[in-house]
Structures are given as C-alpha cells and as structure tokens.
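Here is a briefing to read beside the structure. Start with the chains, then follow how they meet.

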Amino acid sequence: MKALDHDSSALYDIPGPKTERRHMLYGVMSTVLILGLVAWVLYLLFDTGQFTAAKWNPFTYKGIQELLLKGLGNTLKAFAIAAVLSLALGAILAVGRLSDHRPVRWVATLIVEFFRAMPVLVMIFFVFVALKVQPLPALVTGLTLYNGSVLAEVFRSGVNSVERGQREAAYALGMRKTQVMSYVLGPQALRAMLPAIISQLVVALKDTSLGYLITYEEFLHAGKLIASNLDYDLPFIPVVMVISPIYIGMCMLLSWFATWVSKRQQRNPKVEAVDVAPAEPGTLLPGRQ
Amino acid sequence: MDVLTENFSTYGEGFLGTVELTVYASILALVLGFVMASFRVAPVGSFRVFGTVWVTVLRNTPLTLLFFAVLLGLPRFGLVLPFKVFAVLALGCYTSAFICEALRSGINTVPKGQGEAARSLGMTFSQTLSQVILPQAFRSVIPPVGSNIIALAKNSAIAGAFSVTELLGTYRTLNELGYSIIWTFVWIAVGYLIITLTISALFNFLEKRWGVAR
Amino acid sequence: MRTTLRTTTRTTRVLATLLLAALAAAGCGKEGSPPTKGPKPEDLPKYQVATDFRLPDSGTWNKAKRRGHLIVGAKEDQPYLGEKDPATGTYSGFDIEIAKMIGASLGFDPNRISFRTIASANRETALQNGQIDYYVGTYTINDNRKKLVGFGGPYYMAGQGLLVRSDEEDIQGPQDLDGKKVCSAAGSTPYQRIQADYPKAVLVAYDTYSICVDNLLTYQVDAVTTDDAILQGYAAKLPEEMKLVGKPFSQEPYGIGVPRSDNALRFAIDDALEAREKDGTWKKAYDATLGLSGVPAPTPPPIDRYPAS
C-alpha cells in the first residue's frame with residue numbers, strides 16, 4: 001500500500017509517520033463501518049428469511065437450472081446478433097458520414113443523430129408494439145439502431161484520428177478513396193478503436209436485459225418467472241443473488257477485455273500514427289453508457 | 001395527429017413525470033458521483049476500495065436488473081416507498097458511477113503543478129481538492145457530465161416500462177383507448193427530443209460560460 | 001491507479017469463477033419440479049377426442065391438421081387460470097383446460113396441443129399473423145377487439161374485483177378505496193375504471209399483476225384490482241395472506257380468440273363449448289382448477305353466436 005506516488009499524489013503530500021498513523025486510523029474506522037454495514041444487510045437478509053430452504057430449494061431442480069441456462073443462452077443469442085448487426089450498420093453509417101456526396105452525408109448524419117438522441121427502449125417498444133414484431137427481432141432492431149449509430153461515430157472519429165500524413169501519402173501514391181480507406185486508414189483506425197468498440201459492445205450486452213420488458217425470454221425473464229412464483233415463497237432476493245453476479249461478471253469480463261486490448265495497443269508500434277482513442281465513445285452525446 | 005391534442009393532459013403528465021425523475025435522479029447522481037470521486041482519489045485505502053467497487057459494480061450492472069432489484073428487493077426489508085422514489089434511487093445510483101468516472105478524469109486533467117502549489121501553501125487534502133482542483137476540474141467535466149445527464153433522461157424510459165408515471169408509459173393508456181399507435185410514439189419521441197435537447201442546450205451554455213479549452 | 005486495476009482484475013476473476021461454478025452446478029440437479037400448489041394432473045378430467053371430426057371450411061383447422069398439432073396462445077403467470085411451471089414448462093389452469101377440451105372436440109388429443117405464452121399486447125397480432133391457432137387467456141370480449149379478431153364463447157363471466165391482505169378490515173368494496181393505494185396493470189381497463197369512477201383512490205401501476213401482488217404482500221399497496229377470476233387464483237395460492245372482498249363491479253366475458261376471418265372455426269368452437277357445458281365437462285374442468293380457490297362453479301354465460309361480418 002506504499003504505491004501512492006501516482007496521479008493522485010498531486011493532491012496530497014507523501015504521508016509522514018504521523019499522517020500515516022492517522023490514515024491508518026481512518027482506514028480501520030471506515031473498514032469497520034463498511035463491514036458493519038455489510039453485517040447489517042446480512043442480518044436483514046437473515047431476519048426477513050431470505051436464506052430459508054424453501055426459497056433456495058427451487059434452484060436445486062434441474063428444470064429450474066435449465067430454465068436459467070436457456071435464458072442465459074437467449075441473452076447471449078440476442079447479444080451476438082445485435083453485436084454483428086450493429087457493427088455492420090455502424091460501418092455503413094460511418095461510410096455515409098465520410099462520403100464525398102453531401103446528400104449522403106446529410107442522411108447519414110440525420111440517422112445517427114436521431115437514433116443517438118432517442119432512448120433505446122422507446123425504439124424497442126416502437127418496433128414491438130407499433131410495428132407488431134416478435135420480441136427477439138424487436139429487441140435486436142432497437143439495439144442495432146442505437147449501437148450502430150454510436151459505433152458509426154466511433155468509426156468516423158477513428159478514421160479521422162489517423163494522422164493526416166498517412167492519408168496524404170496514400171493519395172499521393174495515386175490510391176483511390178476506397179483504397180485509402182480500406183488499405184490505409186481503416187486498418188489503423190480499427191486497431192486504435194478496438195477498445196472503444198468493445199466498450200460499446202458492453203453497453204449492448206447490458207441492454208439485452210431490456211428484452212425482459214417486452215417479454216423476450218432472456219435471463220432476467222427466467223429469473224422473474226422464478227421470483228414471482230407464489231409456490232416458491234417468492235424467492236426474489238435469492239434470484240437476484242444468483243443472476244446479478246452472472247450478469248455483472250459477463251459485463252466485467254468484456255470491460256476487462258477492452259482495458260486489456262487498449263493497454264496492449266498503447267505498446268503497439270503499429271498504432272503510433274493514431275492518437276489514442278477516447279475510452280468512452282462519443283463524448284458529444286453518448287447516450288446510454 | 002389528434003392523439004396529442006385530445007390527450008394533452010396524459011402526455012403532459014408523462015412529460016412532467018420524466019422531467020421530475022430526471023431532475024431528482026440527476027441531483028442524487030451528482031452528489032453521489034462527487035462523493036465517490038473524492039473517495040477514489042482519497043489518501044485512505046479503504047475509501048479508494050469502496051469507491052472502486054461502487055463504480056465497477058454499477059457500471060457493469062444492466063439498469064433493468066438494477067431497477068428489478070431496487071423495485072422488488074428493497075420492499076422485502078420492510079421499506080414502504082412510492083415507485084418514484086425507487087426509480088430515482090435506481091437511476092441516481094446507476095448514473096453516479098458514470099458521473100464519478102467523468103469527475104475523476106476531470107481531476108486528472110488539472111495540471112499537477114496546481115496541486116503541488118496548493119500543497120506548498122500548506123493546504124490540506126480536502127482544501128486542495130475543494131478549493132483548487134475541483135473548481136478547475138469542473139470546467140473540463142461539463143461536457144461529459146452533460147452527456148451522462150442526457151443518458152439519465154433517456155434511461156428514465158425504463159421506469160416508464162415498469163410503471164406509468166413517465167413519458168414512455170403513456171403509450172399503454174393511449175393504446176388501450178384505441179389511438180393510432182404510430183402517432184402515439186411519434187409524440188413520445190418528440191417529448192424525449194425536447195428533454196434531451198434542452199439538457200444539451202443547458203450544458204452548452206454552462207460550457208460557454210465556464211468551460212475552458214485545455 | 002495501479003491498485004485500482006489490480007482490484008478490478010481480481011474481482012473479475014472471482015466473478016468468472018462464480019459463473020463457471022454456476023454453470024457446473026447446472027449439471028447436477030434434481031429431476032421433476034419443486035412442490036407446487038395448484039391443479040393436480042390426476043384430478044383433471046379426461047376429454048373424449050372426436051375421431052372423425054372434419055372442418056374443411058376453416059383454414060386454421062386445415063393448417064393445424066397438416067401440421068399434426070394445435071398451437072394455442074395462453075398466459076403464463078396467472079395461477080389456476082393459465083400458469084407455466086418454471087421447472088417443467090407445462091401449462092395448467094382453467095383456461096388451459098378450456099383450450100384442451102375444445103382441442104379434443106376439434107379432433108386433437110390434449111398432448112397434441114403446444115401452448116405458447118403471448119403477452120396481452122401481442123394477442124391480436126399473433127392471431128392475425130397465424131402464429132397461434134386460437135387464444136385462451138382471460139381475453140375479455142369487447143367491440144374494439146371484435147374489429148381485429150373473432151371471439152368464440154364466452155366461456156366464463158368474470159368481473160372486476162379487489163384483492164386485499166387477510167388482515168385488511170377497512171376495504172370492503174370499491175367505495176372504500178378513498179386515499180388507499182390500489183395497484184393494477186398500467187393502462188388496462190380495470191385501471192381506467194378506477195381512475196374514472198373512484199378518483200380518490202391512489203392508483204399505482206405496474207406492467208404485470210404479479211408485481212402488484214408482490215407489492216400487496218410487502219405493504220407497498222393496499223389492494224390489487226383486476227378481474228376476479230385472476231385475483232381468485234392468486235388468493236388461492238396464499239389463502240392465509242390474501243382475500244377477495246366485495247362484489248364484482250363490472251362484467252368481463254372471457255372469449256376464445258380466433259383469426260377474425262375464420263368464422264367456421266369460431267362456430268365450431270361455440271358448438272364444442274356448448275356441448276361441453278351441457279355434458280358437465282365444463283364444470284369438472286372448473287372444479288379441478290379455479291374451483292380449488294373455494295368459489296363454487298357458476299353457471300356458464302350464454303354463448304354469443306354473433307353473425308359473421
């Protein structure tokens with residue numbers, strides 16, 4: 001715990017022996033406080049009978065486990081489809097926004113700005129209720145429109161952040177615009193943008209849980225079916241205890257992967273020509289993060 | 001077209017519901033985010049750990065799951081509160097994690113010399129943070145905080161999907177009354193655009209007034 | 001910053017391990033389903049399957065015959081009416097029995113019916129697109145809906161009722177709702193009726209009734225209101241904790257939704273229902289399901305054989 005001499009060190013002096021003792025005291029006190037809080041929550045959980053056998057019994061049955069796994073599978077399925085389609089839509093819209101033709105650029109900009117300003121849930125409900133589409137396609141459409149639009153901005157800023165010299169050199173060699181994009185700018189931008197893309201995919205993964213609200217039978221829906229069953233003594237807290245670590249774990253794995261990629265990229269000489277990509281996509285109007 | 005004129009009060013209620021949720025949840029998110037950000041840069045280890053866990057867990061929790069847990073979980077401890085309060089809690093805590101990160105990166109943009117100068121004048125940690133660093137960090141965090149507040153306003157739609165006191169929730173009432181569902185959604189979309197564009201304009205104004213280019 | 005990152009990675013690892021443990025645990029569960037309260041399969045009536053039934057005029061019937069089984073839309077969260085066992089995936093309840101007895105009359109063995117959960121908002125679409133052959137799930141017949149789908153029946157007459165906690169003394173009917181918190185499904189007809197007729201009641205709305213019932217049990221609301229049949233089912237699951245009060249204050253005839261153009265199917269369903277009501281099968285089905293809530297079998301409402309339009 002001596003390793004305090006990093007970015008926050010500008011805020012306070014390297015503690016002397018007296019301060020260190022004071023900090024130690026604060027540390028112990030706050031740890032006790034936090035542990036006390038945790039103990040209180042645990043006491044409440046026990047007190048309200050959240051650890052009774054009746055509430056946990058359903059999880060020991062194969063049918064319930066399969067229901068949860070099926071829900072998890074459906075979540076991952078929606079995520080996979082939405083991720084692929086978002087990347088495709090993002091690429092198309094980014095090409096539109098970088099186009100040399102003004103009308104194309106306008107249309108692409110309009111689409112991107114509109115879908116980034118709309119709550120993704122309103123789009124999902126619109127497709128589901130007004131266009132009367134099945135839950136899975138409705139969820140995937142909503143996620144694709146929103147994440148595709150955000151990714152378009154990520155791609156665009158990625159291409160624009162490649163050092164000007166690269167583009168100029170490529171044009172000077174007589175390459176056409178398509179060639180410059182696909183052989184010179186694209187590959188370099190992609191490397192630099194990879195962390196931002198993965199971060200956006202975390203958003204998509206989290207948002208698959210919105211499918212619960214339109215009765216798509218995903219992970220949270222399976223949990224709710226168990227939690228609201230009067231026969232199982234409404235095992236609501238146990239369900240949350242089972243499903244949230246899995247949800248959070250999946251998202252954290254993906255976030256952690258994004259961090260790992262970005263750290264690797266920083267050491268990679270191939271991306272030196274590109275300014276380091278912003279960690280959060282589209283700080284202009286990023287919407288749901 | 002007449003969906004709006006005939007149901008102006010329903011839309012108005014939903015619109016005000018969204019505004020109300022956004023305002024209260026923003027206040028909670030800003031306060032909590034500020035506290036967590038100072039935890040994360042504090043010299044005491046356990047504070048830093050607490051702040052880090054708070055941010056990491058909340059940033060990786062789907063908001064629907066958080067709503068589900070707050071809305072149906074807290075009542076189990078004997079807590080009796082109206083739906084709106086639960087919604088504000090869920091939205092505020094969720095957004096506070098993002099605000100915290102925005103503030104923290106804002107603190108990092110303040111040149112080190114500022115902190116060093118403050119310290120050499122004999123200021124304590126809390127004085128350095130509150131009188132030297134944060135006022136400067138504030139200027140560079142206006143845009144990211146603004147976009148997080150816009151995200152919050154959009155996320156309030158999830159509250160509407162659970163209950164009715166919100167703009168998106170109005171579609172249920174109007175659908176049951178047999179109005180054209182497409183137009184119903186058009187006006188809901190317009191409502192959200194008004195809210196997000198207003199927040200956007202507000203933060204643009206703040207940025208013009210106090211923002212600095214670094 | 002370094003400490004931060006290390007903590008994050010460690011937490012990630014712990015969570016990843018938990019995830020794997022959960023997946024591994026799935027391999028070793030008990031067979032069957034947790035004990036449930038509700039209709040017992042052995043008590044349910046057996047339905048005589050019509051062997052030489054033909055309905056060449058009905059497109060829906062022909063399609064189902066070629067497919068070899070019926071697809072019926074139902075609800076999954078209404079105890080004693082249409083409930084899906086989370087563990088086994090089987091449906092049970094009064095609506096399900098109605099669907100089965102009609103299926104039998106149409107020449108389909110009850111185990112040749114596959115049920116599918118359809119959310120209230122999607123019922124009309126599912127029938128119009130032919131995703132389901134017919135729909136049985138607390139589907140109130142009204143004129144707006146008749147413009148979109150056809151209705152066989154009605155097979156049951158429900159009415160709006162009130163569900164309260166067992167220790168509730170103050171609420172005896174809708175007239176006592178002033179200042180009380182009443183929960184119902186957002187935007188639904190029962191919700192709007194309370195809003196219009198009892199404006200002093202404090203309305204709370206959620207997207208499903210199961211959240212309302214949960215809220216009732218955790219003292220967030222004082223009453224839940226919707227069709228009494230639905231409320232009876234909930235009360236029967238936890239009779240010590242919840243009860244129905246007062247007389248029903250509306251009329252909700254439940255019908256069997258069919259594609260609007262398929263009048264042949266609609267009239268065949270009406271015939272089947274009438275025969276089942278006459279020979280006592282209807283009552284047997286009621287007694288084995290919704291009747292377990294303690295409410296004796298009512299006389300089924302007269303069948304409304306409205307002309308094709």
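In chain B, 54% of the 214 residues count as buried. Keep in mind that this is a predicted model. The points below take the chains in turn, then their contacts and core.

**Chain B**

- Chain B holds 10 helices and 0 strands.
- Its pattern along the sequence is α-α-α-α-α-α-α-α-α-α.
- Along the principal axes, the C-alpha atoms of chain B fill a box of roughly 70 × 45 × 25 Å.
- Take the contacts in chain B between residues at least 6 apart in sequence: 75% of them join residues at least 24 apart.

**Two helices of chain B**

- In general, a pair of packed helices is described by the angle between the axes and the distance between them.
- Helix 2 (residues 8-40) and helix 10 (residues 181-210) of chain B pack at an angle of about 35°. Their axes are 11 Å apart.
- Is the crossing of helix 2 and helix 10 of chain B left-handed or right-handed? The crossing of these two helices is right-handed.
- Which residues meet here? Helix 2 of chain B brings Tyr11(B), Phe15(B), Thr18(B), Val19(B) and Thr22(B). Helix 10 of chain B brings Trp187(B), Gly191(B) and Ile195(B).
- By class, the residues of this contact between helix 2 and helix 10 of chain B are 5 nonpolar, 3 polar and no charged.

**Chain A**

- Chain A has 10 helices and 0 strands.
- From the N terminus on, its elements run α-α-α-α-α-α-α-α-α-α.
- Of the 289 residues in chain A, 47% are buried.
- Among the contacts in chain A with a separation of 6 or more, 75% come from residues 24 or more positions apart.

**Where chain B meets chain A**

- How many residues are in contact between chain B and chain A? The contact joins 52 residues of chain B with 48 residues of chain A.
- On the chain B side, several helices give two or more residues, including helix 3 (45-59), helix 4 (63-73), helix 6 (112-120) and helix 9 (170-176).
- Helix 7 of chain B supplies the largest share of that side, with 11 residues.
- The side of chain B that touches chain A has 32 nonpolar, 15 polar and 5 charged residues.

**Chain C**

- Chain C has 10 helices and 13 strands.
- Its C-alpha trace spans about 75 × 50 × 35 Å along the principal axes.
- Buried residues account for 47% of the 309 residues in chain C.
- Of the contacts in chain C with a separation of 6 or more, 73% come from residues 24 or more positions apart.
- Two domains are assigned in chain C: domain 1 (41-158 + 252-293) and domain 2 (164-245).
- Taken over C-alpha atoms, the centres of domain 1 and domain 2 of chain C lie 28 Å apart.
- The contact between these domains takes 12 residues from domain 1 of chain C and 12 residues from domain 2 of chain C.
- On the domain 1 side, strand 2 (77-78) and strand 7 (149-158) of chain C each supply at least two residues.
- That side of domain 1 of chain C has 7 nonpolar, 3 polar and 2 charged residues.

**One residue of chain C: Arg66(C)**

- Arg66(C) sits in helix 2 (residues 59-67) of chain C.
- Why does Arg66(C) count as exposed? Arg66(C) counts as exposed because it has 7 C-beta neighbours inside 10 Å. The cut-off for exposed is 12 or fewer.
- Arg66(C) and Thr125(C) are 59 residues apart along the chain. Their C-alpha atoms are separated by 23 Å.

**The largest nonpolar core**

- In soluble globular proteins, nonpolar side chains tend to be buried together.
- The largest nonpolar core here has 226 residues.
- The members that touch the most other members are Leu121(A), Val122(A), Ile124(A), Phe125(A), Leu163(C) and Val224(C).
- Helix 5 (residues 83-109) of chain B gives the most to this core, with 14 residues.
- What does Val122(A) contact, leaving aside its neighbours within four places in sequence? Val122(A) is in contact with Ala157(B), Leu168(B), Ile188(B), Ala189(B) and Tyr192(B).

Conventions
Residues are numbered from 1 along each chain as its sequence is written. Chains are lettered from A and ligands numbered from 1 in the order in which they are written. This is a predicted model: local features need pLDDT of at least 70, side-chain atom pairs count only at pLDDT 80 or more; totals for chains, interfaces and linings use all residues. A nonpolar core is a set of buried Ala, Val, Leu, Ile, Met, Phe, Trp, Tyr and Cys residues joined through C-beta atoms within 7 Å. A residue is buried if 20 or more other C-beta atoms lie within 10 Å of its own, exposed if 12 or fewer, and partly exposed in between; C-beta atoms are placed from the backbone. Helices (H or I, at least four residues) and strands (E, at least two) are DSSP runs, numbered from the N terminus. Two residues are in contact if their C-beta atoms, placed from the backbone, lie within 7 Å. Axes are lines fitted to C-alpha atoms, for helices over the stretch in contact, and angles run from 0 to 180 degrees between N-to-C directions. A crossing is left-handed if the near helix is turned anticlockwise from the far one by less than a right angle, and right-handed if clockwise. Ala, Val, Leu, Ile, Met, Phe, Trp, Tyr, Cys and Pro count as nonpolar, Asp, Glu, Lys and Arg as charged, and the others, Gly among them, as polar. Domain bounds come from an automatic or database domain assignment.
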